[in-house]
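Let's take a walk through a protein model together. Have the picture open beside you and find each part as we go.

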Amino acid sequence: MYPVALASSINCVETDLTADFRDQFLLTYQHMLLSRVLEEKLGSLYRAGGRIVGGVYLGKGQEAFSAALGVQLQKGKDIYGPLIRDQAGRIAFGEPIIDTVRTYLGAVTGPMRGRDGNIHRGRPKEGHMAMISHLGSLLSVVAGGLFARRLAGTLADSIGATSIGDGGTSTGSFHEGLNMAAVEKLPIIVSIANNQYAYSTPNTRQYACENLVDRAAGYGIEGITVDATDLASCLKAFRTAVANARAGGGPQMIVGTLLRLAGHGEHDDASYIPDKARQGPSARDCLQVAEDFARDRGWLSSAGLRELNEEVRRNVDQTVSKVSKEPAPDPFKENWQALSCAELVEGQHEA
Amino acid sequence: MSITYLEAIREAQYEALRNDPSVFLYGQDIATFGGAFKATKNLSKEFPNRVFDAPISEDAMVGMAVGAAIEGARPIIEMQFADFSSIGFNQIVNQAATLYWRTNVPCPITIRLPSGGTAGSGPFHSQSMEAIYAHYPGLVIVTPATVEDAYWMLLDSVTLDDPVIFCEHKFLYYHLKADQIGDRELPIGKARIARPGRHATIVTYSAMVHEALRAAEELQLDGYQIEVVDLRSVKPMDTDTILASVARTGRLLALGEAFPWGGVTAEIIARVTTDGFHLLDAPPMRLNSKDTPIPYHPNLWKAHRPTTSTIAAALRRLLRN
Ligand SMILES: Cc1ncc(C[n+]2csc(CCOP(=O)(O)OP(=O)(O)O)c2C)c(N)n1
Ligand SMILES: [Mg+2]
């Protein structure tokens with residue numbers, strides 16, 4: 001087992017490793033690997049220039065924490081509100097990677113049709129909420145979906161889940177949303193990826209409590225912490241939280257400690273992160289940690305890994321080359337309407 | 001030696017900090033990192049304890065600026081993007097904007113909004129919010145189009161005893177350069193004739209001034225002389241300069257990058273038709289973005305906002321009328 005530095009954190013032990021747990025671990029690892037390879041591709045497309053206009057925001061180092069939540073959710077049943085660093089969680093939730101690529105390249109065929117880009121994507125009617133940039137503002141939206149289901153009597157044991165970073169917890173929206181969800185006792189998982197920086201801003205300029213999980217008590221909700229570089233512990237933490245939420249335990253806060261192993265966006269070299277932090281325990285690469293964990297237990301062989309890697313790369317390359325041939329949006333074919341009621345759309349006020 | 005629009009903003013903040021110990025800067029990532037756009041580069045080194053990284057709490061950032069101003073400070077707040085100022089909206093329009101009127105205590109704060117569109121930035125990193133804030137009594141709304149104005153109007157904003165919304169255009173940050181910063185020419189509230197002409201007037205502000213100037217060049221080839229008025233501040237709006245220009249040309253195109261409903265261009269037309277109807281030889285025209293959120297893909301983005309060619313086309317129609 002990997003040592004977990006934090007007190008009161010959920011820690012996976014050998015007796016947790018049932019066959020079912022192992023299967024979920026391996027499935028999640030595949031999602032993480034696909035996410036990593038896809039994001040590397042997006043990064044190289046960005047650096048090559050031309051194809052991606054605008055930023056590229058990667059979740060490198062956060063795949064375990066992100067995917068461990070996504071994999072607990074059931075698409076078509078649960079509501080997921082992912083954020084910036086949740087490529088892995090989105091894959092685990094069931095978003096096809098072609099949606100990612102189409103959104104980054106602005107293809108008309110994608111879910112956002114070139115209107116919005118990169119991480120700002122989703123299919124709300126499939127329970128995948130499309131984040132706006134304004135941090136913290138998705139929590140109440142996910143809560144609203146659950147609230148409506150309860151009113152309609154369709155909630156059953158479905159849940160919602162949403163993510164945020166350490167920085168995003170400083171928003172009024174986050175506080176209002178979580179307080180409301182707590183008052184309404186909604187079954188919502190609030191996953192906080194504490195990667196210790198918000199862009200360049202360290203935690204010391206973001207909040208003054210010892211650990212963000214200390215806030216859970218203030219909201220009157222369950223809170224747990226986990227070493228977010230350790231997939232096994234992440235899975236255990238989210239399994240516990242999801243079971244609690246499905247059983248009517250109200251909002252569940254999970255705080256994961258880790259480090260973002262990329263810039264804020266690909267334009268950023270993150271030189272503000274000191275070497276000390278880069279060499280600390282939170283800087284472990286979760287993908288490597290998971291791989292070692294699986295190998296040590298004989299769950300993965302070198303040959304199996306090689307095969308998996310090849311398959312994942314092929315998948316990513318094929319997807320990117322397919323999307324590259326798809327049409328870019330045509331402003332003359334674009335339907336310039338922001339209202340669904342076409343009869344209420346005004347003229348464009350153009351001279 | 002040359003200086004960009006962005007560097008001018010940095011230099012103005014340097015000067016403001018140097019001139020007045022009651023000035024401080026508060027905003028996300030603005031200290032050691034120097035800001036998302038580097039508008040505060042090295043300022044925290046040069047002015048320790050006067051440049052602070054803020055938590056991601058726009059509402060609180062504005063509220064604290066108001067409180068500090070009451071105590072005699074002159075805070076400059078940087079929003080990382082204009083779009084995020086919507087989170088501080090309540091504090092801006094209800095707290096800051098009403099303070100003087102309600103209590104007779106002035107509110108000298110400056111809120112910098114990196115505004116406007118750049119390709120690939122999408123609906124939440126591209127907005128122009130000047131009209132929203134201009135609607136509320138008690139705020140000054142500044143929209144510089146030149147390097148000089150970016151510099152002098154920011155310095156003026158900080159010394160002004162009222163809350164200023166300083167809309168700096170991201171598209172101009174790196175592209176727009178001047179050899180040097182000249183002398184202060186006009187105060188906030190006065191418009192500038194950016195190009196003299198006699199066949200039609202374009203009234204505009206911020207980055208659209210440059211599109212308008214390019215369109216005017218294009219029309220010059222057809223033998224038309226287009227006057228371009230740069231408003232510099234949209235509130236107060238220099239109605240006299242606008243009317244004097246329309247008196248010379250008889251034709252008006254009001255141009256802005258913001259959404260079409262209401263807004264600065266509507267205000268320009270309203271003023272000219274109420275106070276200068278007799279000056280017009282043709283119905284006034286206005287050109288704005290389309291009435292949808294700002295799209296991500298460059299193809300859509302370019303078609304969403306006015307460009308040199310759509311402005312030139314509008315001018316041709318205006319001149320035919
Ligand atoms: C309300 C709001 N203010 C500012 C921003 C600009 N912004 C985008 S990401 C970011 C940092 C986010 O940090 P954190 O929440 O810790 O997430 P991380 O990037 O570390 O995953 C900032 C300031 C924003 N998106 N929303
Ligand atoms: Mg963070």
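Predicted model: local features only at pLDDT ≥ 70, side-chain atom pairs only at ≥ 80, totals over all residues.

Residues are numbered from 1 along each chain as its sequence is written, chains are lettered from A and ligands numbered from 1 in the order in which they are written, and side-chain values use heavy atoms, with hydrogens and water left out.

**Helices that pack**

Helices (H or I, at least four residues) and strands (E, at least two) are DSSP runs, numbered from the N terminus. Axes are lines fitted to C-alpha atoms, for helices over the stretch in contact, and angles run from 0 to 180 degrees between N-to-C directions.

| Helix pair | Axes | Angle |
|---|---|---|
| α1 (19-48) and α11 (302-324), chain A | within 10 Å | roughly 45 degrees |
| α1 and α4 (97-105), chain A | 11 Å apart | about 15 degrees |
| α8 (208-220) and α12 (308-320), chain B | within 8 Å | roughly 55 degrees |

How do we name those angles? Under 35 degrees counts as roughly parallel, over 145 as roughly antiparallel, 65 to 115 as roughly perpendicular and the rest as oblique. So α1(A) and α11(A) are oblique to each other, α1(A) and α4(A) are roughly parallel, and α8(B) and α12(B) are oblique.

There's handedness too: a crossing is left-handed if the near helix is turned anticlockwise from the far one by less than a right angle, and right-handed if clockwise. α1(A) passes α11(A) in a right-handed crossing, and α8(B) passes α12(B) in a right-handed one. The crossing of α1(A) and α4(A) is right-handed as well. That contact (heavy atoms within 4.5 Å) is made by Leu34(A), Leu38(A), Leu42(A) and Leu45(A) of α1(A) with Ile97(A), Thr100(A), Val101(A), Tyr104(A) and Leu105(A) of α4(A). Its residues divide into eight nonpolar, one polar and no charged. For these classes, Ala, Val, Leu, Ile, Met, Phe, Trp, Tyr, Cys and Pro count as nonpolar, Asp, Glu, Lys and Arg as charged, and the others, Gly among them, as polar.

Now try α1(A) against α11(A): the residues of α1(A) that meet α11(A) include Leu34(A), Leu38(A) and Leu45(A), plus Glu40(A) and Lys41(A). This contact has eleven nonpolar, three polar and four charged residues.

**The ligand**

Where does ligand 1 lie? You'll find it between chains A and B. A residue is near a molecule if one of its heavy atoms lies within 4 Å of it. Of the 20 residues around ligand 1, Arg85(A), Gly167(A), Gly168(A), Asn195(A) and Glu58(B) come nearest.

Zoom in on the polar contacts (pairs of N or O atoms within 3.5 Å). An oxygen atom of the ligand is 2.8 Å from a side-chain N or O atom of Asn195(A). An oxygen atom of ligand 1 is also 2.8 Å from a polar backbone atom of Tyr197(A). From chain B, a polar side-chain atom of Glu58(B) lies 2.5 Å from a nitrogen atom of ligand 1.

Lys235(B) and Pro236(B) are joined by a cis peptide bond, with omega about 5 degrees. Look for Pro236(B) in the loop between β12 (233-235) and α9 (239-249) of chain B.

Over in chain A, Ala270(A) isn't a glycine, yet has a positive phi of about 55 degrees. Ala270(A) sits in the loop between β8 (252-257) and α9 (275-279) of chain A.

Conventions
Polar contact = N/O pair within 3.5 Å; in protein donor to acceptor, adjacent residues only side chain to side chain.
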